[in-house]
Each structure stands twice: as C-alpha cells, then as structure tokens.
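Visitor: I am new to reading protein models. Could you walk me through a few features, one at a time?

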Amino acid sequence: MKSDLNVILKDAPAAIRRAMIEDAANLPPGAALVMARFWSAVRAGNGNLSMPDAEAYRAAAASESTFRCLLRALSRYAPQVCTAPARAVSNEWYAQRCKPVAKRTPGAEKPEGSTWPDAWRRMKPGLDAAPVKCRTRQRYVASIDRCATVVAEGLASELHGFLAACELSEAFLFHPDKTRRVKPVTAANYIEGLIALGARGGVAEESLTAMRVIQRDLREQATLAEKNKHERLSGLMERGGYGHVADRIGELRARAHRLPAHSAARRRYMQQAVVCAIIINKPPRRGDLVAWRIGEQLVREIDGTWRAEWEQEKTGAVTETGAIWPEICEILDEWILEGRPDRLIHVRYQELVGSNWLTLDQSEPYRNLPSELTRSAIGVPSHDLRTLAADYMRRHDPSHAADVIATHLGHRTRKAGEAYRADCEGAAAQAIWQAARATIAAQSAAATGKRA
C-alpha cells in the first residue's frame, strides 16, 4: 500500500508525500488520486509549489465533490501550501449550483416611470413640473419605483389611500423575501414619494391625509427603534466601546489565520474584521460602503497607505477618509491577499483594480451586508457605529463636536445633524454650568475663609 502511494504521489513534494504515506490507513477515498493529479498538473505547468495557480485545481478535479476532496486533503496534509487561488475555482462550482440570472443589456434601461401603474404615469408630469430640487425629485422617483415594484407583485393596491399605504407598509416591513425588508423610516420615505406624486397629480386631499397617518405611524416606529439603538449602544459602551470593537477585530483575525486560505469561514471572519476596522476609522453609510471599488473609491498608494474618497448616495456630497490608519491598512492588505504571501501585495492589488472591495470581484453585494457583518461581529448594526463615533466626539469636546461630527459623518446640511447638535449643545451647557458652579463654590469657600 505504502509503496503504491509512493508511486502514485511521485510528483507531490516530499513532505506532503511522506505525510500521506504515514497516514495511509486513514486516507479519505479518492484523496490520493486527486492529490496525484493536482501535483502532476502543478509540475506540468511549472507552477509555484507553495501557491499553485487555479488551473491546477481545474485540471485535477472534474466534479465539485472531487474538488472539495482535494481541498480537504490539502488542508490536512499540506497546511503550508497557500490555497488562495482555489477560491476562484470554488466560486465557479458554486455558480453552477445557482440558476442563471438574466443580465441587463447595456443601453436597454427602461424609461423613468415605465414600470409604474398607468394611473401613476398619468400623474408624473405634475411631479416633473413641481418646484422641488432635482435631488428631491430623484428621491421621490426612486421611492415610487419601490412602491411600483410592490404593486406589480400584487402585494398592494395602486389606488392612493389608507388601504394602499397599509399594504405598502406591510410589504416593506415584512416582505416574504427577507433581503428586501426595510426599516420603518425607509418605508415612510417610500410612501412619502407616492404621497408627493398624488399631491401633484390631483389625488383627493382626504386620501393623501389617510396615507400620511400611516407615514406618521412608521416614523413613530422609527423613533422607538432609535430608543432601542441607544440601548444597544449603552450595552456596547459597557463592553468597552471602541476598545471592545478593536478586541473583536483581533479575535476575528486570529480565527481567520487558523483556517486555510480557501476556507469560506476564513473569508467571513476577515470580512467582519475589515468592515469593523474601516467603520471605526471613519463610518460610511452602508449603501456607500457596499459600492466601493478598489482603485476607484478605495485606493492603495505605493507606500502601503490606503485612502477612500466617495460621493455619498444620500447627499450627493463628496467625502474622504484621508490616510487610513496604518493598523487598518494592514488589515486591508491582509483582506485582499486572502492568505497569499505579503510580497505579492502589489501584484494582488493590480489584479483587483476595478473589483468591489467586499466581494473582490465584479459583483456588488446586497446593501445590508455591512450591518450583517458588524451585528455578527459585535452585536450591533453598522449604523450604530456612526452614532458611537458621534458620542465619543461629544464627550471629548462638546463645544466644538457638532461641526466635527457633521464632517466626520458626512452630513451635508445643518438639519441632517440636528439631533447630534442638540446633544452637543446640551453637553456643552452642562460643562459650562459645572465649571461655573465649581468657580462659585471656590469663591464662596475663599470668602468664608477670609471672614473667619
């Protein structure tokens, strides 16, 4: 048996061949043959023995089960071999499991409002002529598009009124497809767009007033959710705030390092770590974060410094991080290397230019991914870390924090940061009063001492 293995595994590196021969009695079925084909393919292509390329994996395995067997064998008998290139092959096998998705043909985009019900399309000229800012109109149109999708699915009525607003609210909050559910404040914004269309399209005021009842209820739900957010943040602060987040990043990286480079679990741990790290440097909104592309919004300079600059989806304003902290640059390098040696960082970066930074390919992840990653890592959604950053600034320098917070969080208008500004003004007033009280007490004590 051992002599047969020695012949079969003739192309495998000596250490790997020896490890498999010593464990001959426990070899999984097919492991020896697929490893033999793999190392023969590596040598035939003059590949790097410490990090074979993807072609060797393709040549060795003609089925997904055989490919998975190869990865398990490499993890067990060749843990020193970097299997990062196998991830591309793994993705190819996963893609074959899924149903093909029809791709949109460039230039075939539908005209604005073409998916709306006929009654809504007839109201559109009124909305187009309304004296509102261009960006506000764009937001209304996008919101109406979301409502139209729900109506097309048969989940809501197209007639403006209380019933339609109720059905839309229910669909937005509890859609059968969980990935399409939104927060109450988002649902309120979508319905607001439909109300604006009706107001410009001649819908009776009674019907619009009824819809506004549902909209106000959604906003009240959002206010309650805001209170829950403060409870979550209090819990995070009790665990150590940013210190706890930093500790979790370290734990996630340590877990990732213990797994092979091709492992999906390793990738998930590193995703969690890198998203948390980026957010504590400067917290972008999740819709902006998922859209970053390497070499465009997220750039690595030749000296290893990473920078991010992007146009905010919500405000249209451009913001940037400046030079990202060196510790976080190190995590970004680790993330894109996916287990490859450090010396390959420049090559790897050039390979990924134009790729989405969270998927490391051309696809863009779903919007809620950052929140899912931070919630699984530290117990709170990504947006809570924006509030946590503001809270730290308010505590540090309440008299100047409001303007710093506006810049750090990317608020375009004063109104956008009213809640933060009110907190800062309250904290500043409290600090002034405490200082004044201390001065009065000191003066009183001094005066009492003089009389004595």
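Guide: Gladly! Let us start with F67, which counts as buried at 0% relative accessibility; buried means under 20% relative accessible area, exposed over 50% and partly exposed in between, with a 1.4 Å probe and protein chains only. This is a predicted model, where local features need pLDDT of at least 70, side-chain atom pairs count only at pLDDT 80 or more, and totals for chains, interfaces and linings use all residues. Residues are numbered from 1 along each chain as its sequence is written, and side-chain values use heavy atoms, leaving out hydrogens and water.

Visitor: How is a pair of aromatic rings described?

Guide: By the distance of the centres and the angle of the planes. Rings of Phe, Tyr and Trp (its six-membered ring) pair if their centres lie within 6.5 Å; planes under 30 degrees apart count as stacked, over 60 as edge-to-face and the rest as tilted. A search of the whole structure finds seven aromatic pairs. One of them joins Y57 and F67, edge-to-face, at 6.3 Å centre to centre and 75° between the planes.

Visitor: Which helices hold Y57 and F67?

Guide: Y57 lies in helix α4 (residues 54-60) and F67 in helix α5, so the pair ties together parts that are 10 residues apart in sequence. Helices here are DSSP runs of H or I with at least four residues, strands are runs of E with at least two, and both are numbered from the N terminus. Y57 is buried, with a relative accessible area of 0%. Ring pairs also link F38, W39, Y57 and F67 into a cluster.

Visitor: And how are two packed helices described?

Guide: By the angle between their axes and the distance between the axes. Axes are lines fitted to C-alpha atoms, for helices over the stretch in contact, and angles run from 0 to 180 degrees between N-to-C directions. The axes of α5 (residues 64-77) and α6 (residues 86-97) come within 11 Å and cross at roughly 150°. That makes α5 roughly antiparallel to α6 (under 35 degrees is roughly parallel, over 145 roughly antiparallel, 65 to 115 roughly perpendicular and the rest oblique).

Visitor: Which residues of α5 and α6 meet?

Guide: E64, F67, R68 and L71 in α5 meet A86, V89, S90, W93, Y94 and R97 in α6; contact means heavy atoms within 4.5 Å. These residues divide into six nonpolar, one polar and three charged (Ala, Val, Leu, Ile, Met, Phe, Trp, Tyr, Cys and Pro count as nonpolar, Asp, Glu, Lys and Arg as charged, and the others, Gly among them, as polar).
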